[in-house]
Amino acid sequence: MELRGGGALVEGTRPQALIFDWDNTLVDTWAIIHDALNTTLETFGKDSWSLDETRTRVRSSMRDSFPDIFGDRWEAAGRVFYKRYGAIHITKLKQLAGATLMLERIAAKGLYLAVVSNKRGDYLRSEASHLGWSKFFDMIVGANDAKRDKPLPEPIYLALSKTNIQPGPEVWYVGDTDIDMHFAHRTGCVPVLMRELAPQSAEFNDKNPAYHFSTCMALCKYIDNL
C-alpha cells in the first residue's frame, strides 16, 4: 500500500462506505469488452483496436463515448455491442484474485458496500448474481441508472440514496483508472486505486489516488487493521 495524499483523508480512519468500480477492479473483463468492441467497429466499417488501445481508450459510458466514435449511428452501434457482449460475458467473466474473500470480510464488518460503474446496470447486476456477489452490495449502479454517468456526480448520490451517508472522507471510491480517481475527487470521496500497476508519472494530473493497493487482499488487510 502506498499513501499518496488525498485532501480531507485522515490516515487510519475506517470508512463508513466503500464504493467499487466493477470492470478490472473486481472482475477481469478486458477480453470481453475488447471482443464486443471490435465486433462493433468491424460491423460499422471501422478499424479494429488492439487490446492495448482498448485498455487505454475505454473509460466513459456508452452514451458518453459512442457518439464520438460512431456519430449519429451510435445507438445502432450500441445495440451491436451489447448483443455481442450479452452473448459472451457470463461464460468469460473472471473475478480478480481475492475479490470474493475481500468482499466477504469487508461486508462482515458492517461497512456499506456499493458499485458505481459505467457498464449498463442490468449487465452489472446479472454479473454480480452469477458470481454470487449480489448479497454483498447494498446498491449496484450502472450506466443509465442515474441521470448522468461517472465521472459526473449523480451515480454516487444514487449509490448512497438508501443511507444517511454523504459523499465525503468517510466514503472510499475504489477503481483502477484515471476516470475513477477524477470521479472520487469530484464527489469529495477518498480516491483509492486498486490494480497491480503502480500510479504512473502525471497519469492522474492533480487527481491523484490517496491510496494504492496492488491487490484485493492488500485493501482487505488494510481495512482489517483500521
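Begin by selecting strands S2 (residues 17–20) and S5, which run parallel and are joined by 4 bridges; two strands count as paired if DSSP finds at least two bridges between them. Strands (E, at least two residues) and helices (H or I, at least four) are DSSP runs, numbered from the N terminus.

This is a predicted model, in which local features need pLDDT of at least 70, side-chain atom pairs count only at pLDDT 80 or more, and totals for chains, interfaces and linings use all residues. Residues are numbered from 1 along each chain as its sequence is written, and side-chain values use heavy atoms, with hydrogens and water left out.

Next, display the whole of S5, residues 112–120: 8 of its 9 residues are buried, where buried means under 20% relative accessible area, exposed over 50%, and partly exposed in between (1.4 Å probe, protein chains only).

From S5 the chain passes through helix H6 (residues 121–131) to S6 in a right-handed β-α-β crossover; right-handed means that, with the strands pointing away from the viewer, the path from the first strand over the helix to the second runs clockwise.

The model has 15 salt bridges, each defined as a side-chain nitrogen of Lys or Arg within 4 Å of a carboxyl oxygen of Asp or Glu.

- Select glutamate 127 and lysine 119, whose closest N and O atoms are 2.9 Å apart in a salt bridge. Glutamate 127 is buried at 0% relative accessible area, and lysine 119 is also buried, at 6%.
- Select glutamate 154 and arginine 148, a salt bridge with closest N and O atoms 2.8 Å apart. Glutamate 154 is partly exposed at 21%, as is arginine 148 at 38%.
- Select glutamate 203 and arginine 195, which meet in a salt bridge at 2.7 Å, N to O. Glutamate 203 is partly exposed at 26%, whereas arginine 195 is buried at 14%.
- Select Asp21, Lys150 and Asp180, which are linked in a network of salt bridges.

Finally, colour the chain by pLDDT, the predictor's confidence in each residue from 0 to 100. The chain averages 91, and 95% of the residues score at least 70. Over residues 2–10 the pLDDT is below 50, and this stretch has 20 contacts in the model beyond near neighbours in sequence, a contact being heavy atoms within 4.5 Å.
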